[in-house]
Amino acid sequence: MAELGSKGVTAGKIASNVQKKLTRAQEKVLQKLGKADETKDEQFEQCVQNFNKQLTEGTRLQKDLRTYLASVKAMHEASKKLTECLQEVYEPDWPGREETNKIAENNDLLWMDYHQKLVDQALLTMDTYLGQFPDIKSRIAKRGRKLVDYDSARHHYESLQTAKKKDEAKIAKAEEELIKAQKVFEEMNVDLQEELPSLWNSRVGFYVNTFQSIAGLEENFHKEMSKLNQNLNDVLVSLEKQHGSNTFTIKAQPRKKTKLFSRLRRKKSSDNAPTKGNKSPSPPPDGSPAGTPEIKVNHEPEPSSLDTPGAAIPKSPSQPGDVAEAEGTKPVAVAEGANETAASDGASSSLPAVVVETFPAAVNGTVEGAAPSKRSDLPPGFMFKVQAQHDYTATDSDELQLKAGDVVLVIPFENPEEQDEGWLMGVKESDWDQHKELEKCRGVFPENFTEKVQ
């Protein structure tokens, strides 16, 4: 019997809840259609808006704080790996071996302590702060439902009072339900009207305490970490003093030390001197990006001509035999007109076929022979800009002295044969802007000391 009674109560409660939901839904529809008025409380609605904003901000802060803690954990692991690497490479006979082990141990303990204090003083406080929001949010929603019940009871009571046929018993019962609904609603409303403003104002103190805790913990952590780093630096300075001759420095790639400008001056003097019968090709003009083209000569003799004994090959002024080899350049073959000249002398059948193929040389990925820059504010043949990443001290008169940050305008070598691997020709932008003269400003410099910027 008790079981049946229990089931009956449960069934009755379910039916009551279903009826309440139907009544509330009907009331909300009537309110939206404008057929029933709705009780409004603008002050409370503002409190609800503040509550939702505060919840959103707190949830974001909690998420970002967890991300920060995860980053601290990851940094701890990375720092631990780094100190372990130092311990492995630090040889037993080096001075400061025990100190480095102690520093590594303290480093690990410092990271662990920092992470744990962040959890205790920031994250747990954050979780406690946000822990009160779900209950209040649930009560706000319940208050909204009780307000609908109150409006529904009020409308039902008013409709019975204005009916043509009045039923006093129904009116009394409706009044009783209205008073009950109003009491339940007002009790919840009063409590929330007090709690929500108080909760909203508490955010200031919470934010201050949270960020003060984080800032203080981080400050102390970095102070202690700074001491450890200073101790490690002292140990490494001691090691450097003992093995100072093996200090690592950035070096340029070796070059041939060819005294480039001296050769250029000698070359210009020889070019300007009138030498009779000299058929050496002249060097390219200043600023020209093209060096002497590479030329291939294919000899394809005709059997009938070569088999003829005593056949003479007349020399024309432009044949390969008369072409002198210039300093630092490749031999230049006869031009296409040479065969025609030989043919006019009656010996074309005995001349080998000459095929001239030119291949533009490439300097640091840039094809020589491309049209040089014609901008007046740039040096002739300008190719691209580089910026010095390290200081470079010139060791020869034809080299550029560089400071980190200097911008260099790269230009081609007048003769590609002069270029050593890993070296570029250029003029510092500041010198070019001031002098506008290549002869005074240009020089070679190590490419690995710079980085291309344009």
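Glutamate 186 is partly exposed, with a relative accessible area of 41%. That value comes from a predicted model. Glu186 belongs to a negative surface patch. Phenylalanine 445, by contrast, is buried, at 0% relative accessible area.

**Glutamate 186 and its patch**
- Glutamate 186 lies in helix α5, which covers residues 168-242.
- Glu186, Glu187, Asp191 and Glu194 together form the negative surface patch.
- Glutamate 186 counts as partly exposed because its 41% relative accessible area falls between the 20% limit for buried and the 50% limit for exposed.

- Phenylalanine 445 sits in strand β6, residues 443-446.
- Its relative accessible area is 0%, so phenylalanine 445 is classed as buried, the cut-off being under 20%.
- From phenylalanine 445 to glycine 422, the C-alpha to C-alpha distance is 8.7 Å, across 23 residues of sequence.

**The whole chain**
- The protein chain holds ten helices and seven strands.
- It has 454 residues, and 31% of them count as buried.
- Take the contacts between residues at least 6 apart in sequence: 74% of these join residues at least 24 apart.
- The accessible surface of the protein chain is about 28,700 Å².
- Carbon and sulfur atoms account for 53% of that surface.

Notes: Residues are numbered from 1 along each chain as its sequence is written. This is a predicted model: local features need pLDDT of at least 70, side-chain atom pairs count only at pLDDT 80 or more; totals for chains, interfaces and linings use all residues. Side-chain values use heavy atoms; hydrogens and water are left out. Helices (H or I, at least four residues) and strands (E, at least two) are DSSP runs, numbered from the N terminus. Buried means under 20% relative accessible area, exposed over 50%, partly exposed in between (1.4 Å probe, protein chains only). Contact means heavy atoms within 4.5 Å. Accessible areas come from the Shrake-Rupley method with a 1.4 Å probe; for residues, only the protein chains shown count as cover. Patches are made of residues with over 30% relative accessible area and no salt bridge: like charges are joined within 9 Å, nonpolar side chains (Val, Leu, Ile, Met, Phe, Trp, Tyr) within 5 Å. A salt bridge is a side-chain nitrogen of Lys or Arg within 4 Å of a carboxyl oxygen of Asp or Glu. Lys and Arg count as positive and Asp and Glu as negative; His and the chain ends are not counted. The place of a charge is taken as NZ of Lys, CZ of Arg, CG of Asp or CD of Glu.
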